[in-house]
Amino acid sequence: MRIAQLAPLVESVPPAGYGGTELVVSLLSEELVERGHDVTLFATGNSSTSARLVSVVAEGLRKIYPDKRYRWPAFDLRSLLKLRQLSCEFDVVHNHMGYPALPFLEALNCPVITTNHNPILDYCADAYLAFSQLPFVSISSSYRRSNYPDKLNYVATIYNGIDTNQYQCRSKEARSFLLFIGRISEAKGTSVAIDIAQQLGLPIKIAGKIDTTDEAYFLSHVKPRLAIPGVEFLGEITEEQKRELYSSAIATLYPVAFEEPFGLVMAESLASGTPVLALRRGSVTEVVSDRETGVVADTTEELVSRFCEIQSISNNTCITRARQLFGKERMTQEYESVYVQLMQGFNKGLRKYERCL
């Protein structure tokens, strides 16, 4: 198949640091190329890929224009115009950019699919609903239930994939700290993770980016806690550093305060044999099996009181779950099936596709 992958332009593909969507796009694109498909990746110029790269900007927009976000949509538009120009070359177009691409997708004379990586919030809901007939993929069952399940044309639910072979597992005796990885924000629960570590009397390492919109939260809720002994802030880290942290952590803390669409951090942690302590929000129970690969609780108090349960959790059980459910191979195979389904429907003259239950 000739497949176009339309990536966001905020980060490179794969990302140098933070960037869950970009990492998924990279793994999917590379696996599709490995399987013999002709893949074109629309992404930043400094992206690294085996596919043909089409770019309208040299680097990620967060790096080039960190304080001028009003310029970002102009580059999205350029990328979409380039996609339209080349669209006759593709059998299917896969959109990871979100709602800005929808008007362009509707006008293309080929099958299209959009993976919804982020919640549909009030400010963009009308854009999605205006093109609700287009095919969409949800990244968890929880995501689909909470994001217009009866109005958007969801054709599949496909979990995000990771390269499980890239993660290593150390013995429990070699693990010495708790870990928080993710965007430093109230939604991700950074300060709550520090509080949990303090209540447990264990050191914690914190790694992640600070968006401009989250700077006030960092200054008021996180930075003062960094003076506490045993609390270490590492900032934004590379993929290699991230894998090293996972394999050395006693557990990964995931006290999210919103309906998490998927949570790549949880899957990566399990691939390292590291159990997850998480609040029951969004897709958490789809990724982490309570008492088998982590502790899932309704309150932080419960997480603290049940912490001792992780001693009975097997590292191998965590790894097995990650490989079975979240491997890039499974993700790619499921997307291949969706592409074929879309192409068959399109060739029959159907512009709207049946939902996959």
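**Notebook: helices and cores in a predicted model**

I started with helix H5 (residues 122–130), where the buried residues are Cys124, Ala125 and Tyr128. Buried means under 20% relative accessible area, exposed over 50%, and partly exposed in between (1.4 Å probe, protein chains only). Helices (H or I, at least four residues) and strands (E, at least two) are DSSP runs, numbered from the N terminus.

The arc is that of the directions from the helix axis to the C-beta atoms. On the other side of H5 I found Tyr123 and Asp126, both exposed. The cover over the buried residues of H5 includes helix H4 (102–107), strand E5 (112–116) and strand E6 (135–138). Contact, here and below, means heavy atoms within 4.5 Å.

Residues are numbered from 1 along each chain as its sequence is written, and side-chain values use heavy atoms, with hydrogens and water left out.

**Helix H8**

Next I looked up helix H8 (residues 215–222), whose buried residues are Tyr217, Phe218 and Val222. They cover an arc of only 100 degrees around the axis, so they sit on the same side of H8. Ala216 and Leu219 are exposed on the other side of H8. Helix H7 (190–200) and strand E10 (231–235) are among what covers the buried residues of H8.

**The cores**

Which residues touch the most other members of the largest nonpolar core? I noted Leu178, Ile204, Tyr254, Phe262, Leu277, Ile310 and Tyr339, out of 80 residues in that core. A nonpolar core is a set of buried Ala, Val, Leu, Ile, Met, Phe, Trp, Tyr and Cys residues joined through side-chain atoms within 4.5 Å. There is also a second, separate core of 27 residues, including Leu86, Val93, Leu108 and Cys110.

I then picked Phe262 and left aside its neighbours within four places in sequence. Phe262 is in contact with Ile139, Tyr159, Asn160, Ala267, Ser283, Val287 and Phe326.

**H10 with H13**

The axes of helix H10 (residues 264–271) and helix H13 (residues 315–326) come within 7 Å and cross at roughly 130 degrees. Axes are lines fitted to C-alpha atoms, for helices over the stretch in contact, and angles run from 0 to 180 degrees between N-to-C directions. H10 and H13 are therefore oblique to each other; angles under 35 degrees count as roughly parallel, over 145 as roughly antiparallel, 65 to 115 as roughly perpendicular and the rest as oblique.

From H10, Ala267, Leu270 and Ala271 meet Cys318, Ile319, Arg321, Ala322 and Phe326 in H13. I sorted the residues of this contact into 7 nonpolar, no polar and 1 charged. Ala, Val, Leu, Ile, Met, Phe, Trp, Tyr, Cys and Pro count as nonpolar, Asp, Glu, Lys and Arg as charged, and the others, Gly among them, as polar.

**Glu31 and H1**

Is Glu31 buried or exposed? Glu31 lies in helix H1 (residues 20–34) and counts as buried at 11% relative accessibility. Leaving aside neighbours within four places in sequence, I found Glu31 in contact with Lys328, Glu329 and Thr332.

H1 packs against helix H14 (residues 328–347) at an angle of about 75 degrees, with the axes 9 Å apart. That makes H1 roughly perpendicular to H14.

Definitions and conventions
This is a predicted model: local features need pLDDT of at least 70, side-chain atom pairs count only at pLDDT 80 or more; totals for chains, interfaces and linings use all residues.
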